[in-house]
Amino acid sequence: MTEDEIIHAIRERYPAGERPPTAPPEAVAELEAAVGFPMPPLLKRIYLEVADGGFGRSGEALSLADTQSRYRYSDADLLVAEYRGRRRSTPGYPPSVVPLFPEDFTLAERLQGWLGGEAVFPVAPAAPSYCTED
């Protein structure tokens with residue numbers, strides 16, 4: 001699937017009114033500043049064009065900015081807070097890895113699997129190996 005097809009499929013899965021509003025550009029900039037790296041283009045487009053978290057299997061993608069609305073899908077902190085917490089608490093945690101989907105898939109593969117209805121994904125390896133852009 002192309003990035004446009006993935007974005008279209010997420011919108012179809014969660015029509016407007018059934019998904020969080022999009023993330024504000026300031027929230028994206030805050031995450032990028034905290035991490036010191038730009039967000040992968042596909043992920044950035046999803047947050048800015050589709051929804052501020054709440055997508056993916058069980059709506060598990062964390063929000064960048066939404067702390068109060070009915071769209072809060074996780075008991076976890078906002079994505080930036082989760083990232084900072086892991087950097088503080090995990091020795092050797094890679095600075096460019098944000099804990100969106102801790103599995104050994106690319107972001108596009110992870111989203112395509114979810115969109116394709118895969119209910120079970122392989123368990124992440126013991127050593128940290130996280131979604132990458134490619």
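**Entry 1: getting ready**

Before comparing helices, I noted that a helix axis is a line fitted to C-alpha atoms over the stretch in contact, and that the angle between two axes runs from 0 to 180 degrees between N-to-C directions. I also reminded myself that this is a predicted model.

**Entry 2: the overall plan**

I looked up the elements and found 5 helices and 0 strands. Reading along the sequence, I wrote down the pattern α-α-α-α-α. The chain has 134 residues, and 39% of them count as buried. I then turned to contacts with a separation of 6 or more: 63% of them come from residues 24 or more positions apart.

**Entry 3: α3 against α5**

How far apart are the axes of α3 and α5? I found 9 Å, with a packing angle of about 50 degrees. Angles from 65 to 115 degrees would be roughly perpendicular and those under 35 roughly parallel, so α3 and α5 are oblique to each other. From α3 (residues 41-49), Leu 42, Leu 43 and Ile 46 meet Leu 107, Ala 108 and Leu 111 of α5.

**Entry 4: α1 against α5**

On the α1 side I listed Ile 6, Ala 9, Ile 10 and Arg 13, and they meet Ala 108, Leu 111, Gln 112, Trp 114 and Leu 115 in α5. Ala 108 and Leu 111 were already in my notes, as residues of α5 that α3 meets.

**Entry 5: α2 against α4**

Are α2 and α4 roughly parallel or oblique to each other? Their axes are 10 Å apart and the angle is about 10 degrees, so I wrote down roughly parallel. Glu 30, Leu 31, Ala 34 and Val 35 of α2 make the contact with Leu 79, Val 80, Tyr 83 and Arg 84 of α4.

**Entry 6: aromatic rings**

I went looking for ring pairs and found 2 aromatic pairs in the structure. A pair of rings is described by the distance of the centres and the angle of the planes.

My notes on Tyr 14 and Trp 114 give 5.9 Å centre to centre and 20 degrees between the planes, a stacked pair. Tyr 14 sits in the loop between α1 (3-13) and α2 (25-35), while Trp 114 belongs to helix α5 (residues 107-115), so this pair ties together parts that are 100 residues apart in sequence.

For Tyr 47 and Phe 55 I wrote down ring centres 5.5 Å apart and planes at 70 degrees, so this pair is edge-to-face. I checked burial too: Tyr 47 is buried, with a relative accessible area of 0%, and Phe 55 is buried at 1%.

**Entry 7: back to Trp 114**

Is Trp 114 buried or exposed? The value is 6% relative accessibility, and under 20% means buried, so Trp 114 counts as buried. Which residue lies over the face of Trp 114? I found Arg 13 there, at 5.0 Å from the ring centre.

**Entry 8: a look at the loop**

Last, I visited Ala 16, in the loop between α1 and α2. With 66% relative accessibility, Ala 16 counts as exposed.

Conventions: Residues are numbered from 1 along each chain as its sequence is written. This is a predicted model: local features need pLDDT of at least 70, side-chain atom pairs count only at pLDDT 80 or more; totals for chains, interfaces and linings use all residues. Side-chain values use heavy atoms; hydrogens and water are left out. Rings of Phe, Tyr and Trp (its six-membered ring) pair if their centres lie within 6.5 Å; planes under 30 degrees apart count as stacked, over 60 as edge-to-face and the rest as tilted. Helices (H or I, at least four residues) and strands (E, at least two) are DSSP runs, numbered from the N terminus. Buried means under 20% relative accessible area, exposed over 50%, partly exposed in between (1.4 Å probe, protein chains only). A charge sits over a ring if NZ of Lys or CZ of Arg is within 6 Å of the ring centre and within 35 degrees of the ring normal. Contact means heavy atoms within 4.5 Å. Angles under 35 degrees count as roughly parallel, over 145 as roughly antiparallel, 65 to 115 as roughly perpendicular and the rest as oblique.
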